[in-house]
Amino acid sequence: MKPFQWSQMLIVLSLFMLVGCAKVTPPVSEEIHSPPATFALPQRIEDLAGAWEYKDTAGEGVITLDAEGRGAYEWEDGRFQTLSLEDRTWTGVWIQEGNDREGGFKLTFSDDGSVAHGNWWYTRIGEDHDPLEPGGTFSMSRSSAHQMAQ
C-alpha cells in the first residue's frame, strides 16, 4: 500500500474506535427523575393537614391530620390533636384508648419545614394522673405520597 492509503486507513480506524467507545446516554424520563419534593414551614394549624410519617423508638406509622390538626393512628387505637403551632414549635396531645394512656408532645420544625423533632410524655396511665414514666423522642415528616398529591 502507498503511504497515503495507510494514513487514510488509520483515520478511518480511529473514527471507528472513537464512535465505538463513545458513551451514549439515553434520554431521561421525567417520571423517573422528577424534581425533589418541596416543603414549606407550616404557619397555621391548617397547614398541617395531610399525611405525616411518625417515627419513635417503639416504631413508625402514618397519621393523617385534618384542618384542625387532629388525626388517628393504629398503635393502641391512638388519637392525635394539635393544640398550637407558633413559629417553628408544634404542641399537642395524644390519647391511646387501647392501653388507657395519654400525654403531650412538643416538636420543633427544621428550617425547611420538612421534618419536626421533639419529645412526647405521659400525663396519665390508667388512673395515675402523675406517672413517673418519662416518654421519649419522636419525629414527624410530611409523607412523600402527600407531597406528590399536592
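Residues are classed as buried under 20% relative accessible area, as exposed over 50%, and as partly exposed in between, with a 1.4 Å probe and protein chains only. The structure is a predicted model, in which local features need pLDDT of at least 70 and side-chain atom pairs count only at pLDDT 80 or more, while totals for chains, interfaces and linings use all residues. Residues are numbered from 1 along each chain as its sequence is written, and side-chain values use heavy atoms, with hydrogens and water left out.

The protein contains two helices and eight strands, assigned as DSSP runs (helices H or I, at least four residues; strands E, at least two) and numbered from the N terminus. Read from the N terminus, the order of elements is α-β-β-β-β-β-β-β-β-α. Of the 150 residues, 29% are buried. The accessible surface amounts to about 10500 Å², and carbon and sulfur atoms account for 57% of that area; the areas were computed by the Shrake-Rupley method with a 1.4 Å probe, and for residues only the protein chains shown count as cover. Where contact denotes heavy atoms within 4.5 Å, 34% of the contacts between residues at least 6 apart in sequence join residues at least 24 apart.

The eight strands form an open antiparallel sheet in the order β2-β1-β8-β7-β6-β5-β4-β3, two strands being taken as paired if DSSP finds at least two bridges between them. On average, neighbouring strands are turned by 30° against each other, direction ignored; the axes are lines fitted to C-alpha atoms. Strands β7 (residues 115-125) and β8 (residues 136-142) run antiparallel and are joined by six bridges. In β8, S141 stands opposite V115.

The largest nonpolar core comprises 18 residues, of which F80, W90 and M140 touch the most other members. Such a core is a set of buried Ala, Val, Leu, Ile, Met, Phe, Trp, Tyr and Cys residues joined through side-chain atoms within 4.5 Å. Two or more residues each are contributed by β1 (50-56), β2, β4 (78-86), β5 (89-96), β6 (101-109), β7 and β8.

The loop between β8 and α2 (144-149) holds S143. This serine, S143, counts as buried because its relative accessibility is 6%. Beyond residues up to four places away in sequence, S143 touches A51, W52 and E53.

How values were computed: Axes are lines fitted to C-alpha atoms, for helices over the stretch in contact, and angles run from 0 to 180 degrees between N-to-C directions.
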